[in-house]
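This report covers selected helices, their packing, and a few loop residues. The sequence and structure come before the text.

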Amino acid sequence: MKKILIVGAGGQIGSELVPYLRGIYGANNVVATDVRECKGLAEEGPFEVLDALNPTNMASAVARHNIDTIFNLVALLSAVGERNPQMAWNINMNALFNSLEVARQHNCAVFTPSSIGAFGPTSPKDMTPQDTIMQPTTIYGICKVTGELLSNYYHQKYGIDTRSIRFPGIISNKT
Ligand SMILES: NC(=O)c1ccc[n+]([C@@H]2O[C@H](COP(=O)([O-])OP(=O)(O)OC[C@H]3O[C@@H](n4cnc5c(N)ncnc54)[C@H](O)[C@@H]3O)[C@@H](O)[C@H]2O)c1
């Protein structure tokens, strides 16, 4: 049975994914966390306030709950990120870096969504291949390409089970 830690669980994807995973693995095996209180998630299972930019606290949660899988959903999305690129890089990249490092130290798998924002104006638009020109012009897209490369690196270098999917735009009717 998996023990899952979700960081950034209170957003559009997490608010749908947490109940779904709890339905599969049991509520107590899915620990939802976010930098802010999330009432709905806390009512249905374990919830902690956790800043993913604090690797010590993330490692502590992983150890306390005996976690083997981390879902990193922390993000500053495209439009907000473009208004403050420095903050977007800090949040998007360091939440991922901390997730990967904690995973390396505690032998966890890591899932992090990528995005079609990882493509750019020079990417082929029809039948876009998996491996192709990726020159995004937004800081969000640049973070996503970097995140894909960093996740691959942790897999190749350390054997961590890192996975990702390039999602299109997703809007939750819960959030
Ligand atoms: N929604 C989409 O259209 C879409 C598309 C492609 C990829 N994605 C990716 O999926 C993931 C989740 O996206 P989303 O739409 O749920 O985003 P969202 O903005 O709705 O949620 C992000 C969550 O991260 C939390 N957060 C921010 N800083 C944090 C920190 N320091 N520590 C802990 N939590 C923090 C926020 O409070 C929020 O609840 C992201 O990686 C995003 O890039 C989303």
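## Loop residues with positive phi

Asn66 is exposed, with 10 other C-beta atoms within 10 Å. By the cut-offs used here, a residue is buried if 20 or more other C-beta atoms lie within 10 Å of its own, exposed if 12 or fewer, and partly exposed in between, with C-beta atoms placed from the backbone. The model is predicted: local features need pLDDT of at least 70, side-chain atom pairs count only at pLDDT 80 or more, and totals for chains, interfaces and linings use all residues. Residues are numbered from 1 along each chain as its sequence is written.

Asn66 sits in the loop between H3 and strand E4 (69–72); helices (H or I, at least four residues) and strands (E, at least two) are DSSP runs, numbered from the N terminus. Most residues other than glycine have a negative phi. Asn66 is not a glycine, yet its phi is positive, near 55 degrees. Asn107 also has a positive phi, of about 60 degrees, although it is not a glycine. Asn107 belongs to the loop between H5 and strand E5 (109–111), and it is partly exposed, with 13 other C-beta atoms within 10 Å.

## Helix H1

Helix H1 covers residues 14–25, twelve in number, and spans 15 Å from its first C-alpha to its last. That is close to the 16 Å expected at 1.5 Å a residue, where the expected span is 1.5 Å times one less than the number of residues. Gly14, Ser15, Leu17, Val18 and Leu21 are buried in H1. Viewed down the axis of H1, these buried residues fall within an arc of 160 degrees, so they line one face of the helix; the arc is that of the directions from the helix axis to the C-beta atoms.

The face of H1 turned away from the buried side carries the exposed residues Tyr20, Gly23 and Ile24. Strand E1 (4–7), strand E2 (30–34) and helix H2 (39–44) are among the elements that cover the buried residues of H1. Contact here means that the C-beta atoms of two residues, placed from the backbone, lie within 7 Å. After H1 comes Gly26, with a positive phi near 95 degrees.

Gln12 is located in the loop between E1 and H1. With 17 C-beta neighbours inside 10 Å, Gln12 counts as partly exposed. Leaving aside residues up to four places away in sequence, Gln12 touches Ile170, Ile171, Ser172 and Thr175.

## H3 against H5

Helix H3 (residues 55–64) packs on helix H5 (residues 85–106) at an angle of about 45 degrees, with the axes 10 Å apart. Axes are lines fitted to C-alpha atoms, for helices over the stretch in contact, and angles run from 0 to 180 degrees between N-to-C directions. This angle makes H3 oblique to H5: angles under 35 degrees count as roughly parallel, over 145 as roughly antiparallel, 65 to 115 as roughly perpendicular and the rest as oblique. The crossing of H3 and H5 is right-handed, the term for a near helix turned clockwise from the far one by less than a right angle, with anticlockwise being left-handed.

From H3, Pro55, Met58, Ala59, Val62 and Ala63 meet Asn98, Glu101, Val102, Gln105 and His106 of H5. His106 is partly exposed, with 16 other C-beta atoms within 10 Å. Residues touched by His106, beyond those up to four places away in sequence, are Ala59, Val62, Ala63 and Ile67. Although His106 and Ala63 are 43 residues apart along the chain, their C-alpha atoms are separated by 7.5 Å.

## H6 and its packing on H5

Helix H6 (residues 139–158) has 20 residues and reaches 27 Å between its first and last C-alpha, close to the 28 Å expected. Its buried residues include Ile139, Tyr140, Gly147, Ser151 and Tyr154. The buried residues of H6 pack against helix H4 (78–83), H5, E5, strand E6 (114–115) and strand E7 (162–163). Gly159 follows H6 and has a positive phi near 75 degrees.

H5 and H6 pack at an angle of about 15 degrees, with their axes 10 Å apart, which makes H5 roughly parallel to H6. Residues of H5 in this contact include Trp89, Met93 and Leu96, and those of H6 include Cys143, Leu150 and Tyr158. The crossing of H5 and H6 is right-handed.
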